[in-house]
Structures are given as C-alpha cells and as structure tokens.
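Colleague: I would like to go through this model with you, starting with the backbone and ending at the ligand. Please show it first.

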Amino acid sequence: MNYKVFLSLGSNIEDREKYLLDAIDNISAVSGVSLEKISNIYETEPVGYTEQGRFLNMAAQISTSLEAEELLDKLLEIEKLLKRERIIHWGPRTIDIDILTYGDLRIDTPKLKVPHPRMFERAFVLIPLMDICEKERLYGININDALDKCGDKDGVRLY
Ligand SMILES: Nc1nc2nc(S)n(CCO)c2c(=O)[nH]1
C-alpha cells in the first residue's frame with residue numbers, strides 16, 4: 001500500500017538553503033519513498049521561540065510504502081546526518097523535518113501525531129503546503145480558512 005504524505009521542512013542555522021536541499025536529496029534516496037513534489041522556499045519569522053534567526057521553510061509531497069513510524073525513523077536519521085542538535089527543544093536547528101499528513105490516517109503515539117498538531121495554526125507550514133497540495137481540505141479542514149486564522153501570515157516571504 002502506498003501512502004501520500006506531506007512533509008514540512010525548516011532550517012535556521014548556517015547555510016539554511018543547503019540544509020533544506022540536502023534533506024530533500026536524502027529523503028528522495030530512501031528506499032520505499034518517492035519524492036513527488038516540492039514547494040517554493042520561504043523565509044519566515046520564527047514562531048513560538050522567537051529569540052532565534054529567521055527560518056527557511058518548505059513543504060514536500062512524497063509517496064511511500066513505509067509505515068508511519070518507519071518513515072519517522074528514516075527522517076530522524078536524516079536530521080541526525082545533517083547535524084540536527086536538539087539543544088533547546090524549540091530552539092535553532094540545522095534541519096527540522098515534520099510529518100504533516102499520512103494519507104488520511106490519524107496517528108497518536110508518544111513518538112508521532114498525525115495530522116501534525118500545529119500544522120493548521122502555522123502560516124510557515126500552510127503557505128508552502130498550498131504550493132503543492134491540490135486539495136482544498138485536509139482532514140476535513142479548509143486550508144485557506146485555517147491560513148486566515150494564522151497569526152504569522154505576514155512573516156512568510158518567498159525566498
Ligand atoms: N518560522 C518558523 N518558526 C518556527 N518555530 C519552530 S519551533 N519551528 C520549527 C518547526 O516546528 C519553526 C519553523 O520551522 N519556522
């Protein structure tokens with residue numbers, strides 16, 4: 001069984017664009033994963049923990065035969081490979097790869113929550129996602145309506 005999965009990627013340390021593109025290269029090389037689409041790259045004001053540099057964010061669509069937790073483990077390996085240090089949980093990072101959706105599955109384990117619990121509250125996630133998602137609704141939620149309610153809309157600019 002193949003699942004359509006949307007990912008969100010972010011980086012706000014050093015050569016942010018290189019980290020994003022290296023992550024995309026590594027994701028497309030994973031056995032059982034096929035990279036289908038990537039969004040534009042956006043420079044975005046930090047949300048949550050604001051005492052840090054601006055991020056570059058993007059979204060990607062993959063098709064995968066991997067189960068959700070297998071995919072998560074592969075993405076964590078890629079973060080480690082690209083020197084992801086989890087010093088401050090909400091702090092600066094070389095690369096952050098979040099699973100946003102996984103087909104229409106709902107997953108709630110200590111390791112993985114799908115849909116991503118904050119995806120519909122973040123313009124830095126929704127604006128890149130709208131570059132590549134053909135559907136207007138995900139998990140029954142209208143993406144445009146969700147974006148209208150995001151406080152960080154003005155902080156997302158095409159890079
Ligand atoms: N703009 C922006 N703000 C963020 N705050 C956190 S935490 N992150 C990491 C992703 O959860 C980001 C991010 O990727 N972009």
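Colleague: In which loop is the place of Pro 115?

Modeller: This is a predicted model. A cis peptide bond, with omega about 0°, joins Val 114 and Pro 115. Most peptide bonds are trans. As for its place, Pro 115 is in the loop between β7 (113–114) and α3 (123–132).

Colleague: Is Glu 14 buried or exposed?

Modeller: Glu 14 belongs to the loop between β1 (3–11) and α1 (16–28). Its phi is near 55°, a positive value in a residue other than glycine. Exposed means over 50% relative accessible area. Because the relative accessible area of Glu 14 is 55%, this residue is exposed.

Colleague: And Tyr 139, is that residue buried or exposed?

Modeller: Tyr 139 also has a positive phi, about 55°, although it is not a glycine. Its loop runs between β8 (137–138) and β9 (141–142). The limit for buried is under 20%. With a relative accessible area of 16%, Tyr 139 is therefore buried.

Colleague: How far apart in space are Asp 152 and Arg 122, C-alpha to C-alpha?

Modeller: Asp 152 lies in the loop between α4 (143–148) and β10 (156–158). Asp 152 has 12% relative accessibility, so the residue counts as buried. In sequence, Asp 152 and Arg 122 are 30 residues apart, while in space their C-alpha atoms are separated by 6.7 Å.

Colleague: What percentage of the area that the ligand exposes when taken alone does the protein bury?

Modeller: On the backbone side, a nitrogen atom of the ligand is 2.8 Å from a polar backbone atom of Glu 45, and a backbone N or O atom of Val 47 lies 2.7 Å from a ligand nitrogen. From a side chain, an N or O atom of Arg 122 is 3.2 Å from an oxygen atom of the ligand. The ligand alone exposes 360 Å², and the share of this buried by the protein is 96%.

Colleague: Which elements give two or more residues to the shell around the ligand?

Modeller: The ligand takes up the space of the largest pocket. Two or more residues of the shell come from each of these elements: β4 (55–64) and β5 (96–102).

Colleague: How many residues of that shell are nonpolar, polar and charged?

Modeller: The residues around the ligand include Trp 90, Phe 124, Thr 44, Asn 57, Arg 93 and Asp 98. Sorted by type, the shell holds five nonpolar, two polar and five charged residues.

Conventions. Residues are numbered from 1 along each chain as its sequence is written. This is a predicted model: local features need pLDDT of at least 70, side-chain atom pairs count only at pLDDT 80 or more; totals for chains, interfaces and linings use all residues. Side-chain values use heavy atoms; hydrogens and water are left out. A residue is near a molecule or strand if one of its heavy atoms lies within 4 Å of it. A polar contact is a pair of N or O atoms within 3.5 Å; within protein, one must be able to donate a hydrogen and the other to accept it, and residues adjacent in sequence count only if both atoms are side-chain atoms. Accessible areas come from the Shrake-Rupley method with a 1.4 Å probe; for residues, only the protein chains shown count as cover. On a 1 Å grid over the protein atoms alone, a cavity is a set of points where a 1.4 Å probe fits but cannot get out, and a pocket is an open set with protein on both sides within 12 Å along at least five of seven lines; lining residues have an atom within 4 Å of a point. A molecule sits in a cavity or pocket if more than half of its atoms lie within 2 Å of its grid points. Helices (H or I, at least four residues) and strands (E, at least two) are DSSP runs, numbered from the N terminus. Ala, Val, Leu, Ile, Met, Phe, Trp, Tyr, Cys and Pro count as nonpolar, Asp, Glu, Lys and Arg as charged, and the others, Gly among them, as polar. Buried means under 20% relative accessible area, exposed over 50%, partly exposed in between (1.4 Å probe, protein chains only).
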